[in-house]
Amino acid sequence: MNMEIAREAFAKGNLQKADLCCRLILTKEPDSKEAQALIEDIRERLGLGSGISVASHPRYLLIKAWGFGFWSDLDHVLGSLLVAELTGRIPLVYWGRNSLFRDEGTDNAFVSFFRPVSDASWQDITRPGQSYFPPKWHVDNLQVEDLAKWEGIGARQTGLYLLGRSEDVVVSDFHTKINDLMPWIPAHSAFHGLPREAIYRALVQKYIRVQPDIAQAVADTWNRHMARDNWLAVHVRGTDKIHEMGDLHAVNHAYHARIARILEVNPMLRIFLLTDSVQVVAEFQQRWGDKVFTLDCQRGTSTTGVHLEGHPGTELGKQVLVDALLASRCDFFLGNGGSNVSTGIQHLKNWQAGTFFLIGPDFLGQIDLSLHDW
């Protein structure tokens, strides 16, 4: 990474890429005056020269579905909720027609799984005379999905672009990553100086409340099948993850040695297996026998994601969520550092040191330019 790439991105108006490039440079050259100066230029361009202002009257943040995997969508919600916290906006989450976890006839898929994150209503963000940002949005098209998401006016607007806006309603429809926002958290914020995991945990505790039927399903399954044992939850990705992780086979091969080491110290543990792959279930049952327990979930046998095979969206989302919530009740966890599900489970409770493990680095803490490479 070099300053030429960062300056070129800035000149094109790609402020997210320019900022991330500067951050990468500063990890290797902490005293880089050029990188620091360009970050200040980015700050001015974003309207943050005097800091992030919080209006005295109600302003709103509409958080749309990212439109990919369940936990990827939820990660986008959490990043956007950090924007709401930093700007004093009232958040409203709306997973519309682009959500893969919505059934026909469902208006807002988010509330199929979670309680609303605020008391804000659709009427609050569609009052006459309200202003909107990015400029592609107006009162008559807020329910349109994937509108200029990748190209065109207002495309690829992450939460960074929303921090300095004064409009009544800002819309978050492009993936916002907490790690990318952390350098912009002002000193007066309660989130300033917190490690990334603590920020996630605080946002989950405040905003993410599952619907009663899901909480009951988790409790029933736990009491019926799991309460009498101690558990190592293991999350293994298969199917379409191979398209994202070239080393997926190596990662999956590493599980059994890691499990063996954990069981050597804790031989009474049983294994609660979370996976989207029929083959993985068979492999674990052959290797670990009746130690393995897994729910009766929709799984795949190919490299097509289960969420892309046309199964009923609400039921599929509930299966993913119940699996994760049960995993958070377990004593230990082992997962894939490149998976939104594995890394998301980390934030569902305060795991004690030596109980939560990932194979490979936690990708939520890595700078990734791929979404901003234009």
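# Helix packing, a pocket and some local geometry

Visitor: How are H4 and H6 arranged, angle and distance?

Guide: Helix H4 (residues 70-87) packs against helix H6 (residues 196-207) at an angle of about 90°, and their axes are 10 Å apart. That makes H4 roughly perpendicular to H6. Angles of 65 to 115 degrees count as roughly perpendicular, under 35 as roughly parallel, over 145 as roughly antiparallel and the rest as oblique. Axes are lines fitted to C-alpha atoms, for helices over the stretch in contact, with angles from 0 to 180 degrees between N-to-C directions.

Visitor: What kind of model is this?

Guide: It's a predicted model, where local features need pLDDT of at least 70 and side-chain atom pairs count only at pLDDT 80 or more, while totals for chains, interfaces and linings use all residues. Residues are numbered from 1 along each chain as its sequence is written, and side-chain values use heavy atoms, with hydrogens and water left out.

Visitor: And what's an H or an S here?

Guide: Helices (H or I, at least four residues) and strands (E, at least two) are DSSP runs, numbered from the N terminus.

Visitor: Which residues meet between H4 and H6?

Guide: Asp-75, Leu-78, Leu-81, Leu-82 and Glu-85 in H4 meet Ile-199, Tyr-200, Leu-203, Val-204, Lys-206 and Tyr-207 in H6. Contact means heavy atoms within 4.5 Å. By class, the contact of H4 with H6 has 8 nonpolar, no polar and 3 charged residues. Ala, Val, Leu, Ile, Met, Phe, Trp, Tyr, Cys and Pro count as nonpolar, Asp, Glu, Lys and Arg as charged, and the others, Gly among them, as polar.

Visitor: What about the second largest pocket, how is it lined?

Guide: Its lining has 21 residues, with Val-204, Val-210, Leu-325, Ser-328 and Leu-348 nearest the centre. The largest share of that lining, 4 residues, comes from H4. By class, the lining has 14 nonpolar, 5 polar and 2 charged residues. On a 1 Å grid over the protein atoms alone, a pocket is an open set of points where a 1.4 Å probe fits, with protein on both sides within 12 Å along at least five of seven lines; lining residues have an atom within 4 Å of a point.

Visitor: OK, new topic. How many aromatic pairs are there?

Guide: A search of the whole structure finds 19 aromatic pairs. For Trp-66 and Phe-174, the ring centres are 5.1 Å apart and the planes are at 80°, so the pair is edge-to-face. Rings of Phe, Tyr and Trp (its six-membered ring) pair if their centres lie within 6.5 Å; planes under 30 degrees apart count as stacked, over 60 as edge-to-face and the rest as tilted.

Visitor: Where do Trp-66 and Phe-174 sit in the chain?

Guide: Trp-66 is in the loop between strand S1 (60-64) and H4, and Phe-174 is in the loop between strand S4 (169-172) and helix H5 (178-181), 108 residues apart.

Visitor: Which residues does a cis peptide bond join?

Guide: Phe-133 and Pro-134, with omega about -5°. Pro-134 has its place in the loop between strand S3 (132-133) and S4.

Visitor: And what's the phi of Ala-148?

Guide: Positive, about 45°, although Ala-148 is not a glycine. Ala-148 lies in the loop between S3 and S4.
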